[in-house]
Structures are given as C-alpha cells and as structure tokens.
Amino acid sequence: MRPVFLSPIIALSLIVAATAAAQVPSPASSGPATYTLKATPKTVAWGYYDAAAQPVLRIHSGDTVVFETLITSTPDRLEKAGVPPDQVQQNLRDIVKEVTNRGPGGHILNGPVYVEGAEPGDTLEVRIQKIDLAIPYAYNAFGVGRGFLPEDFPYAKMRIIPLDHERMVAKFAPGIEVPLHPFFGSMGVAPPEAAGRVSSAPPGIHAGNMDNKELVEGTTLYLPVHVRGALFEIGDGHAGQGNGEVDITALETSLTGRLQFIVRKDLKTRYPRAETPTHYISMGFHEELYEATKMAVREMIDFLVQTKHLSRDDAYMLTSVAGDVDISELVDGNKGVHVMMPKKIFLK
C-alpha cells in the first residue's frame, strides 16, 4: 500500500527539532511555552489512568503540547491484516517490545502531563487547537464476545482502510468513501486517588475513553481535577466514527494533536463537559444506558442553570425542545451519552 501523504509526519519531526520536547517547564515570566511529547516507551501509559502515575512532562497553565499518539494495535496484528511492514511505525514496535507495565485496558496513551497549579476542585480547560493524521491508513475490527452484537458476530475480523489525506476521506470499499473527522477517543485526567489504577476502556468522572466524535479540532473540553497536577493523558486516535461505535472500534489510527491547557480556579465542574464553536455538550457515563442518559440530561440542566441563569424548570424544558440527546458509545463497559445544545438559540 503506497502512502497517500507524508506531510503530517514531516511536520511533526520539524516541530520536534524546534521544541526539543523539554521536560522542564519554562519560567512563568517567559510566557506560555509549546512542548512536543513524542510517543516512546518512556512517555506512554498503556491501558490505564492512575493518580499514582509519574508524570512524563510538566507544564504551566497556558502552555501548549503537541502530542504524538499511536494506533491502538500491535505490529503483528497490523501486518497480518495487510499493512506493509515499512508502514508500521517504529515507535509502536518499540513500545510493544519494551513496555511491560500494562493494563488493565488496552489503549496506548501519551502522558501523563502534570499541569502546575492544578488542584482538586479546579477545572482543567483543554483547548483542542489542531488534529492531524499521522499515517495513511486506519483499521476497523470486531472480536469474539465484543461489540454491541457479539451474538450475531461470534468471530473476529479486521479491515485495513486507506485514508486519503488530500480529500479527507476513508476508502472503506469500492464505491464507499467515509468523510474524515479526526478526534481522540480518549482524553482524561487521573481519577480520584482512592480509585487506584482504572482501566482505559470505560469512560468515567475522569473522562478517558469517551469516544465522542464531537470532540474534533476547535473544541474545548472541561475536566474536573481530582489530583494535584491533573495528570492528563491522551490517545485512541480516530479518523472518524459513527455515534455508538457499535462494533467496538472506529477508524482507528495514529494522530498528532496540538492542545492548550488552562487551569480554571474560577470554574467548578463535577463532570466532564465540552464546547464546540456551535454547541454546548454535557455528558453521562454509566453501565446502564438509561442511567447514562439521565446523567447527561441532568448535567445539561445544571449547566443551563449555572451559566444561562435559567430556573431548573425552564432548563428542563429547553433541553427537551432544543437539546439533542445522542449516544456516544455503547461498547466500553460504561455507556456514553451526550446532550448537544445549540449556541445560536441564545441571543445574548
């Protein structure tokens, strides 16, 4: 399979050369800094979020990090599915070979990043400034006992899907092209210390594996901070996904992302939420879809009361007449639901 493009990888290498991925934050007096965090055996957390994890980078509020993230798979699995060996990233080979501290989940996450000044009770504002494809292919796969319909598909299958960076489409099959909307399936902070190491698979109060396709370039994510430094991690790159992610994977790929971090002492959040240029987004995660939906709706009501100064009755009514309740994902233990509230309805 011939590469469709090279520019994201070249761009990333230039950024690395320019920034040197310093591990020590610049002095606050010098203003916001930009760091690059490559995915290496020393910078990834394989399959977990954990308050006890040691940070691989320390930054200040206002700083920006360019993250390199890797496809959630192994070289052997990719090659068996048809990826030429020379298109398997060398750092993926290194990580699979060298990282033994794994699990209980399966995602290769970059981080954690310690944000100076972030304390429990604060909110970490994460501005997703840029997301680029890093390789010219993605995969989709399902397996035995996994996905939303395991009884209908009691076997495993994996498809390698070429990505056309120029036209931003996935060539799923002859005559079928899927528009690309890259986003990170997993972004989150450490859970409360008492939770210990939690799997990267189910989303929760720490955010994590939200698989919310709305969190594309230009979105701002708001995360409640549970431990000092927040300990942000990111990974599970998707070139695109349908709501529900029903077979348990999306267009799984490697991405690079440019994210800015702001510590908000003035904003108190108890659950992850987000904001796009056009919508406010509330979220809910629970083993039961019904309960996850209740959580997301209640979070939107609370948001409208706090920020738009509506009564709870009016907030409930507005959510019913203007909010869209969508399923983020159905397959990661905790189901994910989000409510989309259009900004344009607010005239001031």
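A: Phe67, Phe232 and Phe261 form one aromatic cluster, where rings of Phe, Tyr and Trp (its six-membered ring) pair if their centres lie within 6.5 Å, and planes under 30 degrees apart count as stacked, over 60 as edge-to-face and the rest as tilted. The model is predicted, so that local features need pLDDT of at least 70 and side-chain atom pairs count only at pLDDT 80 or more, while totals for chains, interfaces and linings use all residues. Residues are numbered from 1 along each chain as its sequence is written, and side-chain values use heavy atoms, with hydrogens and water left out.

By the ring rule there are nine aromatic pairs. In one of them, the ring centres of Phe67 and Phe261 are 6.1 Å apart and the planes stand at 75 degrees, so this pair is edge-to-face. Because Phe67 lies in strand β5 (residues 64-68) and Phe261 in strand β17 (residues 255-264), the pair ties together parts that are 194 residues apart in sequence; helices (H or I, at least four residues) and strands (E, at least two) are DSSP runs, numbered from the N terminus. Phe67 has a relative accessibility of 0% and counts as buried, and Phe261 is likewise buried at 0%, where buried means under 20% relative accessible area, exposed over 50% and partly exposed in between (1.4 Å probe, protein chains only).

Aromatic rings also meet charged groups, a charge being over a ring if NZ of Lys or CZ of Arg is within 6 Å of the ring centre and within 35 degrees of the ring normal. Arg159 lies over the face of Phe172, 4.6 Å from the ring centre, and the charged end of Arg273 sits over the ring of Tyr222, 4.5 Å from its centre.

On a 1 Å grid over the protein atoms alone, a cavity is a set of points where a 1.4 Å probe fits but cannot get out, a pocket is an open set with protein on both sides within 12 Å along at least five of seven lines, and lining residues have an atom within 4 Å of a point. Grid points are joined across faces, edges and corners, and a volume is the space filled by probe spheres set on the points. The count comes to one cavity of 30 Å³ or more, and the largest cavity holds about 40 Å³ of space. Strand β18 (273-275), strand β19 (279-286) and helix α4 (289-307) each supply at least two residues of its lining. That lining divides into five nonpolar, one polar and two charged residues, with Ala, Val, Leu, Ile, Met, Phe, Trp, Tyr, Cys and Pro taken as nonpolar, Asp, Glu, Lys and Arg as charged, and the others, Gly among them, as polar.

Turning to open space, the largest pocket has a volume of about 420 Å³. Of the 22 residues that line this largest pocket, Thr72, His107, Tyr139, Arg146 and Thr249 are the closest to its centre. Strand β8 (residues 137-142) gives the largest share of the lining, three residues, and by class the lining of the largest pocket has seven nonpolar, eight polar and seven charged residues. The second largest pocket has a volume of about 340 Å³, and of the 19 residues that line it, the closest to its centre are Val178, Gly240, Gln241, Gly242 and Leu251. Its lining has eight nonpolar, seven polar and four charged residues.

A cis peptide bond with omega of about 15 degrees joins Gly103 and Pro104, and Pro104 lies in the loop between α3 (90-98) and β6 (108-115). Another cis peptide bond, with omega of about 10 degrees, joins Gly111 and Pro112, and Pro112 has its place in strand β6. Asp211 has a positive phi of about 50 degrees although it is not a glycine; Asp211 is in the loop between β14 (207-208) and β15 and is buried, at 1% relative accessible area. Phi of Ile248, also a residue other than glycine, is near 95 degrees; Ile248 lies in the loop between β16 and β17 and counts as buried at 13% relative accessibility.
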